[in-house]
Amino acid sequence: MRHRTPIAVFCALVLCAVAVGYTLRVRAGQATPGAPDATRAESLRGAGPRLQVLSNGALSTVDTAHPDGPRTVTSQLCDRAYRAADTIACLRPVNALATTSLVVLDPDLRELRSVPLAGFPNRVRVSASGRMVGWTLFVSGHSYATLGFATRAGILDTRTGALADNLEEFAVTVDGRPYRAADINVWGVTFGADDNRFHATMATGGHRYLVEGDLAARTLRTVADNVECPSLSADGTRIAFKSAVDGDPRKGWRPAVLRLADGAVTLLAETRSVDDQPAWLDAATVGYALQRPDGGNDVWAVAADGSGQPRLVVPGANSPAAVTG
């Protein structure tokens, strides 16, 4: 198992130096001139289908029928966020000490749990029941397209408070054989319906794998190659993910869908590079954030069967999550 004490000390110094600038850059980058009118609120509870997003870094919702229209904006700031059932997971922006926290909120934005973390917020997901929360941080480096980065991924059981704060400690099998290595990184957790099974990306030995995890057994096993930042569909049959062009992350990524039953992969109609963990907006639609040339983000969507064209869904936003109740 990899020992990261020297890395952690070095990263703390580096992150401390850049954390404030990074946070300010993210905030500025998400602002959109001429954005739709916003209603201020301190609750995201409401009826009808909506999308939860981060608008200028603030937890917000928009009407699914009019996602480019007025939005409800709160004072809760996150670098990444997600919601399922009545659980909202928010990775707070890093502070001057290069620390962040995972905060679990209810729809009235009452804080239910908080977990202190160190690193740059990168991915977060909530299981369909709202019970399990998974997250990923960069602890060194800042891009999956480079070599030498390090991540830390964990899972919180919001019902019991049980915490698996480093998935790299799980027992790993690669192609059915027990595997140990010092260079393992895990990121991009997505949950199955039973709140025990999950999928994630694991990188080791120059390969990037889709792994299936068993939380109770504390195991990871490889399922497929070249599957990054997976997102399991509600029926558990498909995984939306970002697929490295020609298997090389340095060339960028295309959103794709993997059919678990037979391993068939469908590349989606978006040809721009998507460095995000896709989200299922409904059974037929995959959403994701794309960065604009000015550094800001917009939420786009594309058909999950590879047809059609990408469409702009929510300008000036990221971290989309479908809210049905």
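Two strands are said to pair if DSSP finds at least two bridges between them. Strands (E, at least two residues) and helices (H or I, at least four) are DSSP runs, numbered from the N terminus. The structure is a predicted model, in which local features need pLDDT of at least 70 and side-chain atom pairs count only at pLDDT 80 or more, while totals for chains, interfaces and linings use all residues. Residues are numbered from 1 along each chain as its sequence is written, and side-chain values use heavy atoms, with hydrogens and water left out.

**Overall composition**

- Of the 325 residues of the protein chain, 54% count as buried, where buried means under 20% relative accessible area, exposed over 50% and partly exposed in between (1.4 Å probe, protein chains only).
- Contacts (heavy atoms within 4.5 Å) between residues at least 6 apart in sequence include 47% that join residues at least 24 apart.

**The hairpin of strands 5 and 6**

- Strand 5 and strand 6 form a hairpin with two residues between them, and Ala85 in the turn has a positive phi of about 55 degrees.
- The two strands run antiparallel, and five bridges join strand 5 to strand 6 (residues 87-91).
- Tyr82 has Ala89 in strand 6 as its bridge partner.
- Four of the five residues of strand 5 (residues 80-84) are buried.

**The disulfide**

- A disulfide is a covalent bond between the sulfur atoms of two cysteines.
- With a disulfide taken as a pair of cysteine sulfur atoms within 2.5 Å, the count comes to one.
- Cys78 and Cys90 form this link, with an S to S distance of 2.1 Å.
- Cys78 lies in the loop between strand 4 (71-77) and strand 5 and Cys90 in strand 6, so the pair ties together parts that are twelve residues apart in sequence.
- The link of Cys78 and Cys90 is left-handed, with -115 degrees about the S-S bond.
- Both Cys78 and Cys90 are buried.

- Four strands in the order 9-10-11-12 form an open sheet with antiparallel pairing.
- Strand 9 (120-126) and strand 12 (163-164) stand at the edges with a single partner strand each, so one side of each has no neighbour in the sheet.
- Strand 9 is joined to strand 10 (residues 132-140) by six bridges, and the two run antiparallel.
- Arg123 has Thr136 in strand 10 as its bridge partner.

**The second largest pocket**

- On a 1 Å grid over the protein atoms alone, a pocket is an open set of points where a 1.4 Å probe fits, with protein on both sides within 12 Å along at least five of seven lines, and lining residues have an atom within 4 Å of a point.
- The second largest pocket has a volume of about 640 Å³, a volume being the space filled by probe spheres set on the points.
- Of the 27 residues that line this pocket, Tyr82, Ala128, Leu232, Ser233 and Ala234 are the closest to its centre.
- The strands that each supply at least two lining residues include strand 5, strand 9 and strand 19 (228-232).
- The lining residues divide into 14 nonpolar, seven polar and six charged, with Ala, Val, Leu, Ile, Met, Phe, Trp, Tyr, Cys and Pro as nonpolar, Asp, Glu, Lys and Arg as charged, and the others, Gly among them, as polar.

- Leu105 lies in strand 7 (residues 99-105) and counts as buried at 1% relative accessibility.
- Leu105 and Asp86 are 19 residues apart in sequence and 8.4 Å apart in space, C-alpha to C-alpha.
- Cys229 is buried, with a relative accessible area of 0%.
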